[in-house]
Amino acid sequence: MYYNHNSLIFLNGKMVKANESVTDLYSQTLHYGYGVFEGIRAYKTESGTQVFKAEAHYERLKKSCELVKIPFNWSVSELVEATYQVLKANNLSDAYVRPLVFCSPNMSLTRPNEVSVMICAWEWGAYLGDKQLRLTLSSYCRPHPRSLHVEAKVCGHYVNSILATTEAKDNGYDEALLLDCDGYLAEGPGANLFFEKDGILYTPKLGNILPGITRATVLELADKFGFEVQQGSYTPEDLWEADSAFYCGTAAEIIGIESVDEITFRKDWNNSLGKQLQEAYSKLVRETTKVSRQ
Ligand code: PMP
């Protein structure tokens with residue numbers, strides 16, 4: 001599904017066949033989750049393939065590496081260029097792009113001697129589907145910001161996400177909603193949360209969540225529409241009283257939430273602020289912002 005015998009990936013400056021590229025089983029990333037990644041989308045636009053907010057994603061990759069002391073040996077523009085190369089080589093336009101920075105063999109808990117970067121891409125539909133989601137509050141909380149750099153997209157952090165999604169699905173829900181370690185609403189396993197109440201949008205403030213690039217785009221769009229948005233610490237009770245809610249993320253894009261633990265939002269998604277943002281987002285990512293490189 002992710003690759004076939006023709007697929008090419010970018011690995012340390014070269015295009016190589018996906019099915020012939022290997023990694024060392026003694027990699028620090030494999031053993032300790034000590035690596036950093038990104039999730040990016042490319043869209044087909046009138047003037048060719050455009051990678052949405054490519055620079056912002058590679059800036060976050062760089063920042064994530066800096067926060068966890070993994071050397072970042074590339075420039076943002078070089079990796080953006082490499083992303084277009086991968087898309088072109090695999091003849092992809094609407095695609096999901098996955099850059100990964102991973103470490104050399106090192107069984108001790110020290111800095112890696114050598115790091116690698118790979119970028120792969122594949123066709124991927126909406127990650128959480130297109131139906132409104134039935135969520136459940138997770139029994140897991142997001143990692144404590146004094147234990148880990150929660151704002152970094154570090155491989156190992158995603159064990160928390162996998163546990164939460166698996167628990168939610170095992171209990172018959174589409175996805176989980178996690179609180180932070182203080183009991184305030186945080187985010188989904190792979191998406192940020194917004195909710196609407198009396199015409200105002202609310203979203204958990206930065207600090208205990210991943211600073212989503214889609215979240216930032218939603219804030220820009222809301223500003224353009226003149227929607228009021230508040231960022232703060234909110235409780236599950238605040239959410240029960242909301243009129244509507246949605247998740248946003250690169251893979252999930254913008255997706256409405258039908259209910260949380262069987263408590264259904266009262267507003268029809270089609271009349272919500274989220275729906276307007278969903279449509280605007282879908283248009284924005286397909287807009288031609290610069291001359292295509294393909
Ligand atoms: N929170 C988490 C935990 C995520 O993994 C993601 C996906 N990267 C998001 C939020 C949304 O971030 P973005 O909009 O940058 O994809």
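Colleague: How do the residues of the shell around the ligand divide into nonpolar, polar and charged?

Modeller: They split into 3 nonpolar, 8 polar and 2 charged. Here Ala, Val, Leu, Ile, Met, Phe, Trp, Tyr, Cys and Pro count as nonpolar, Asp, Glu, Lys and Arg as charged, and the others, Gly among them, as polar. Keep in mind that this is a predicted model: local features need pLDDT of at least 70, side-chain atom pairs count only at pLDDT 80 or more, and totals for chains, interfaces and linings use all residues. Residues are numbered from 1 along each chain as its sequence is written.

Colleague: Which residues come nearest to the ligand?

Modeller: Gly212, Ile213, Thr214, Gly249 and Thr250, out of 13 residues around the ligand. A residue is near a molecule if its C-beta atom, placed from the backbone, lies within 6 Å of it.

Colleague: And where does the largest share of that shell come from?

Modeller: Helix α5, residues 213-225, with 3 residues. Helices (H or I, at least four residues) and strands (E, at least two) are DSSP runs, numbered from the N terminus.

Colleague: Changing topic. What is the domain assignment?

Modeller: Domain 1 is 8-122 and domain 2 is 133-284; such bounds come from an automatic or database domain assignment. The contact takes 19 residues from domain 1 and 10 residues from domain 2, where contact is C-beta atoms, placed from the backbone, within 7 Å.

Colleague: Which element supplies the largest share on the domain 1 side?

Modeller: α2, with 5 residues of the side that touches domain 2. By class, that side of domain 1 has 9 nonpolar, 6 polar and 4 charged residues.

Colleague: How many residues are in the largest nonpolar core?

Modeller: 39, and Phe194 and Tyr247 are among those with the most contacts inside it. A nonpolar core is a set of buried Ala, Val, Leu, Ile, Met, Phe, Trp, Tyr and Cys residues joined through C-beta atoms within 7 Å. Buried means 20 or more other C-beta atoms within 10 Å of a residue's own, exposed 12 or fewer, and partly exposed in between, with C-beta atoms placed from the backbone. Apart from that core lies another, of 32 residues, including Ile40 and Met118.

Colleague: What about phi of Asp198?

Modeller: It is positive, near 50 degrees, and Asp198 is not a glycine. Most residues other than glycine have a negative phi. Asp198 sits in the loop between β11 (192-197) and β12 (200-204).

Colleague: Is Asp198 buried or exposed, and why?

Modeller: Asp198 counts as exposed because it has 8 C-beta neighbours inside 10 Å.

Terms used
Two residues are in contact if their C-beta atoms, placed from the backbone, lie within 7 Å.
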